[in-house]
Amino acid sequence: MSAERDAQRQPSLISRVSFEPLSDFALLPGNATLSRDGSGVSVDSAGEFEFWREEHPCALLNFSQIAAQAAGKLVAVFLDYDGTLTPIVSNPDQALMSEHAREAVRRVAQLFPTAVISGRGREKVQQFVRLEELYYAGSHGMDIVGPQVEGGPHADLAFQPAAQYAPLMDGVYAELLEGVSSIVGSSVEHNKFCVSVHFRNCAPEDYPAVVGVVDAVSAAHPELRVTRGRKVLEVRPQVDWDKGTALAHLLEMLGLADPSQVYCIYIGDDRTDEDAFQVLADKQLGGGILVSTKAKPTAGLWTLRDPAEVAAFLNRLVAWGRTDANRWHTVGSCTGWAICPSARHRRGSSDASTGSGGSGSGGSGSAAAAFCIGSSGGCGGGIPSYNSPATMASALSKDGFFGQTWLQQQQLVAAARNVAEPSERVTAANSLQRPPLPPKPAAAGPQQEQQLPQPLTDELR
Ligand SMILES: O=P(O)(O)OC[C@H]1O[C@H](O[C@H]2O[C@H](CO)[C@@H](O)[C@H](O)[C@H]2O)[C@H](O)[C@@H](O)[C@@H]1O
């Protein structure tokens, strides 16, 4: 091995990992987080947390503010997985979602387009979540699919911006696996277009060794970059793609990129979720909710403490979504969950008396167009634009229609209309290949790299 390569193995030297905030790696008390003035790091205290929460209020306690901002807009929901829908556990394979959380997500997806964006491999997170009506973006957004129901809307939305790196990532996985094999407690997870090196179960004095291996492997492949999550180093291709660009891509593909029409909620707990928070902030397309019990810098607007609060928030959102404030109800012909006036009473809940489903003014703009399932002129006029109200009513009369997912409802409606293929849905391959990207900061050059302090200590969270 060359001297240069030897040097790269020394964590005290320049590290490719070290573009992360210096404070993350510094020798700190276990509960150290962000100082009040943002200039450095201080020991977190109840006072600091409360101060921070004044700037990033609890999304549950301040739900009315979120509801006010979302009122009259088309809401879309994006969710991180680990630490957001499921608590952090020591064994990544055991990060199972509770039925309670799954049910909350299922209900949300009946009312709003809903996606899970995770650092995990897409197939793995799909296995964990087990809701086919969702959009999924695995590998930090580098592996996107639409709802996995045959013939369902956006079934052809699949997109893998880093597809050509798959063989490289297989090799990198093998290298990392071998590299950390002697470090007790470490583990390596192949997330398809991203490889995660875990050090949660390592002794703190072994953290530098883990970083050293990741440094060496990433240095040997200039096509790679490294990001950092909760006691995990994530090695991924050097492509201009992250959870933020994935979010922007999905919103564009769904026709939900108009801030005057759309309100997007993104809930996440990790650094990589900050990219998505930032996109929402920059585009004024909604708000991020950071899941955290510690004060930390965030582009999110609100906070929740843990996955239990996330589930509670989602249930609040469902209750709100069943009211007329949810504009999806007014773009009836464009969604499966908007109910025609004649069938609306079947819902039997607080929204039964609103009667706005058939006369909404929704459909203006691209948001409605993206969700059209009609073959012609279906968007923009609400339920009356259905070609055949009789067939629509027939579909709606099926047992349990309203208890099904919006995707299943869409399929029923499409079947009732005898529409083989939805012509208005977004399928353009060209736009899939060239999604508009949010502006990205210039890539960090060597001069921006920071020196990696040692020894590494316990993660902050
Ligand atoms: O974007 P996410 O869905 O949050 O994925 C990021 C990483 O999440 C997982 O690791 C984290 O959760 C594990 C299970 O609770 C925990 O053991 C680990 O310490 C955390 O970092 C996942 O295993 C990684 O592959 C993802 O990169």
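This is a predicted model: local features need pLDDT of at least 70, side-chain atom pairs count only at pLDDT 80 or more; totals for chains, interfaces and linings use all residues.
Residues are numbered from 1 along each chain as its sequence is written, and side-chain values use heavy atoms, with hydrogens and water left out. Local features need pLDDT of at least 70 and side-chain atom pairs count only at pLDDT 80 or more, while totals for chains, interfaces and linings use all residues.

View 1. H56 sits in the loop that joins helix 3 (46-55) to helix 4 (63-70); helices are DSSP runs of H or I with at least four residues, numbered from the N terminus. With a relative accessible area of 11%, H56 is buried (under 20%, 1.4 Å probe, protein chains only). Neighbours within four places in sequence aside, H56 is in contact (heavy atoms within 4.5 Å) with T298, G300, L301, W302 and T303.

**View 2. Packing of helix 9 and helix 10.** The axes of helix 9 (residues 243-253) and helix 10 (residues 271-283) come within 6 Å and cross at roughly 45 degrees; axes are lines fitted to C-alpha atoms over the stretch in contact, and angles run from 0 to 180 degrees between N-to-C directions. Helix 9 contributes K243, G244, L247, A248 and L251, and helix 10 contributes T272, D273, D275, A276, V279, L280 and K283.

**View 3. Residues around the ligand.** Of the 21 residues around the ligand (a heavy atom within 4 Å), V89, E189, R200, R230 and K243 come nearest. An oxygen atom of the ligand lies 2.6 Å from a side-chain N or O atom of E189. For R200, the corresponding distance from a ligand oxygen atom to a side-chain N or O atom is 2.5 Å. A side-chain N or O atom of K243 is 2.5 Å from an oxygen atom of the ligand.

Methods:
Helices (H or I, at least four residues) and strands (E, at least two) are DSSP runs, numbered from the N terminus. Buried means under 20% relative accessible area, exposed over 50%, partly exposed in between (1.4 Å probe, protein chains only). A polar contact is a pair of N or O atoms within 3.5 Å; within protein, one must be able to donate a hydrogen and the other to accept it, and residues adjacent in sequence count only if both atoms are side-chain atoms.
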